[in-house]
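The stops below go from ring pairs to a surface patch and then to a single side chain.

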Amino acid sequence: QFAESIEILTRSIALDPDHPHAYNNLAIALMMTNRSHEAIPLLKRAIGLDLRYKDAYITLAAAYNQTRQFQYGIDFMERNIGWLADRAEAHYHLGVAYAFTERYEDALEKMLQVREMGADDLVNDLRRLLIPAGR
């Protein structure tokens, strides 16, 4: 029902364009329908509206990975990982970007941090990226 969600969230933003959660939720719905490129400016807007909205930062990192803009994701997350350090998803998305840019040692470090945080499903995803690299 992502198409319906996209329609409702688009109307919500039209009615209240200063609500960062609506932008983040719309971006997620777009990403789930293979429209990640459209999600990126929405996430930047959400962050602009609330500089401390952690979910928007993490969703933007995911969008960069989905659009294969790995270096953008690395640059973005390396600037922000310090204050996002309590979120396993932040380390995960940075680890994914590292793996795709062949920074395997950095990806392995992120995988270990995600494991310490108890996010086993994310650890398994990172492990699958690292196994073909022989790590």
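Buried means under 20% relative accessible area, exposed over 50%, and partly exposed in between, with a 1.4 Å probe and protein chains only. This is a predicted model, in which local features need pLDDT of at least 70 and side-chain atom pairs count only at pLDDT 80 or more, while totals for chains, interfaces and linings use all residues. Residues are numbered from 1 along each chain as its sequence is written, and side-chain values use heavy atoms, leaving out hydrogens and water.

Start with the aromatic rings. The structure holds 5 aromatic pairs. Select Tyr64 and Tyr72: their ring centres are 5.9 Å apart and their planes are at 20°, so the pair is stacked. Rings of Phe, Tyr and Trp (its six-membered ring) pair if their centres lie within 6.5 Å; planes under 30 degrees apart count as stacked, over 60 as edge-to-face and the rest as tilted. Now colour by accessibility. Tyr64 is buried, with a relative accessible area of 6%, whereas Tyr72 is exposed at 52%.

Next, select Phe70 and Phe100. This aromatic pair is stacked, with 4.7 Å centre to centre and 0° between the planes. The pair links distant parts of the chain, 30 residues apart: Phe70 is in helix H5 (residues 70–80) and Phe100 in helix H6 (residues 88–100). Helices (H or I, at least four residues) are DSSP runs, numbered from the N terminus. Phe70 counts as buried, at 9% relative accessibility; Phe100 counts as partly exposed, at 37%.

Tyr57, Tyr64, Tyr72, Phe76 and Trp83 form one aromatic cluster.

For the next stop, select Thr59 in helix H4 (residues 54–66). Which residues does Thr59 touch, not counting residues up to four places away in sequence? They are Asn24, Ile28, Met31 and Leu43, where contact means heavy atoms within 4.5 Å. Thr59 is buried, with a relative accessible area of 10%.

Finish with Phe2, which lies in helix H1 (residues 2–15). At 37% relative accessibility, Phe2 counts as partly exposed.

Key
Helices (H or I, at least four residues) and strands (E, at least two) are DSSP runs, numbered from the N terminus.
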